[in-house]
Each structure stands twice: as C-alpha cells, then as structure tokens.
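Biologist: Hi, could you show me the model you have open? I'd like to go through it piece by piece.

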Amino acid sequence: MTDPPAPARQRSYVDLEARLAAVTAAPLRRRRIAQQAGYAIWEVRIPARRRIPRSRPRVRVLLNGGTHGDEPAGVEALLRFLEQRRYEAWPEIAFTVIPCLNPWGFVRGIREGPAGHDLNRAFRRASPATPEVSAIKQVLSRRRLTCSLDCHEDCDATGFYAYELPEVSALGHAVVEAVGAVGPISPDCVVEEIVPVRGGLARTDQLRPQAGDEIAAAMPPEAWRDFRTFVEAWPTWPLPIYLWHRHGARAFTFETPTALPLEQRVAMQLAAIEAVLQALTLTP
Ligand SMILES: [Zn+2]
C-alpha cells in the first residue's frame, strides 16, 4: 500500500536538509539548534576568514528565513546564499544562517507553527506553545550579533518593502535601490494596519494607532510616543525586535510580494541581503 499523494503545496524538508548537508564542508559548521514537531531546525555558521583592523568592530550577521511557513522565497534565497558561496565576497563577516525557522509550517505552506501560534509574535515571553522559539532565543542570546537580516514575504504587497531598526538610515535606501533593479518596490501604503511605508521603507518612527486594530487596542497611549517606548509596551515581539533589544543589533526585515514568481522574489531577497552586507563592510 502506498501513501496518498501529497498536496501540491507541500514542500520537502528532506530536500532542504540534503541541500544544507551538501554545502556545509569545513570551515562551515551545521548544527541542530532546536526541534519542532519532529523536524530539526538547523543553523549554519560561517566564521570570518579574514582579519580586520583591530580598530574596527567585528561584524556578526544573522540571516534568518522561513519563520512564516508560507513565505518560501527567503528560505530559498538563504539556501542559494550558501550553495553559491555568496558569503565568500565578505570574508570579514561571521555569519549565522538559519534558513528555515519553522519547518513544520514550511512543508505545509502554513504561516504559524504546529501549535497554531505566529512564531514571529512569540519572542518576548516564553510559552509552552512555542518551545522552538525558547530554544532559539537561548542559542541567539549567547551570540554577539551586530546585525540581523530576516527574510519574509507579504501576500498583500505589490512590491518589496523593508523594516530597518532602530530607524531608517541611508542603508535602508541603498537596499531599496538594489532591490529596485530586480523587482518592483511597494507604493506608499500602510502595513500591519499601523506602519506607514514610504519609499519602500517601513516608518517605525511614524507608528499610528488605528481604531479597531488589535495591537493598538492593547497598548497604552504613551506607547505611541517613540519606537523604543512602543517596543517596551509591545507584548508580542518578532525576532528582529528581540535581537535589537537583546544585542542592540541593527535589524532588517525584508518583505517580497508572494504574487510575483519565486525566482524573482529570490533575486530580490538576495539583492537586499547583499546590499546590507556590502554597506556593513564599507562603513568605517
Ligand atoms: Zn513573515
């Protein structure tokens, strides 16, 4: 007797793990950092391979993908970043790469984790419903990350946009320019009901409570004064907010529109990643 055919949207985690195993020869190291409903969550660490002048701070970057299982372009972009050895262009950067934070959701094409919770709203407080998040926080809390790049997608967007924390800088504009060469940039709009997007960049300095919004209703009025106050009052942190709060790590979240072809979205994610890496190593 054979198994019934899998639904078309099911993706293979076995394939993903085989691709990861194939790319991680020394000096790269692959390690299981958490377990999620029978799936291993993997990280690949790439040490810096060139000494940088002692006067310059070390650059340690986290690349994360697949927190939301229905956003596959980031997962694919990070696999190709490894397979195509794109990291070799930045030998002074130490990388931690987590290609797929939510394997259970990834194989099913579902945003949430196995307990039905959005993992990217579970990084503030430990919960028995999201043990994988607690395990990942333990691992990342010991890393001295200087920058995190988190690859997401937006099913409502018509073009790319990015969040930059703690605030929009010239680097954010460089990201938008680089992505604009390979795909469309989002028109000005409001995302997550409270965040204005201008020129492809989410303006977290201009958060506005909207009547009827869940987050807005839960926040005290003073929370909207500035972004740090907002973060302190926000009970459900995404990963980049946790890393910014924990490490002071500059944090980017990239959002590609799922309506576009996968290959184009992967190219957009890689353009965004590489624009940041380039700038990090040029900045004195
Ligand atoms: Zn997402």
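Modeller: Here is a chat about the sheet, a strand and a helix in it, and one cysteine. This is a predicted model, where local features need pLDDT of at least 70, side-chain atom pairs count only at pLDDT 80 or more, and totals for chains, interfaces and linings use all residues. Residues are numbered from 1 along each chain as its sequence is written.

Biologist: Great. What is the strand order in the open sheet of 10 strands?

Modeller: The order is E1-E2-E4-E3-E5-E10-E6-E9-E8-E7, and the pairing is mixed. Helices (H or I, at least four residues) and strands (E, at least two) are DSSP runs, numbered from the N terminus. Two strands pair if DSSP finds at least two bridges between them.

Biologist: Which are the edge strands?

Modeller: Strand E1 (29-36) and E7, as each of them pairs on one side only.

Biologist: Which residues of E5 point which way?

Modeller: Cys-147, Leu-149, Cys-151 and Glu-153 point one way, while Ser-148, Asp-150, His-152 and Asp-154 point the other way. In a regular strand the side chains alternate between the two faces of the sheet.

Biologist: And how many bridges join E5 to E10?

Modeller: Eight, and the two strands run parallel. Ser-148 stands opposite Ala-251 in E10. E5 also pairs in the parallel sense with strand E3 (residues 59-65), over five bridges, and there Val-61 has Cys-147 as its bridge partner.

Biologist: New topic: which residues are buried in helix H5?

Modeller: In H5 (residues 170-180) they are Gly-172, Val-175, Val-176, Ala-178 and Val-179. Seen down the axis, they fall within an arc of 165 degrees, so they line one face of the helix. The arc is that of the directions from the helix axis to the C-beta atoms.

Biologist: What do they pack against?

Modeller: E6, E9, strand E10 (250-257) and helix H9 (262-282). Contact here means C-beta atoms, placed from the backbone, within 7 Å.

Biologist: Last one: why does Cys-189 count as partly exposed?

Modeller: Because Cys-189 has 14 C-beta neighbours inside 10 Å. Cys-189 lies in strand E7 (residues 189-191).

Notes
A residue is buried if 20 or more other C-beta atoms lie within 10 Å of its own, exposed if 12 or fewer, and partly exposed in between; C-beta atoms are placed from the backbone. Two residues are in contact if their C-beta atoms, placed from the backbone, lie within 7 Å.
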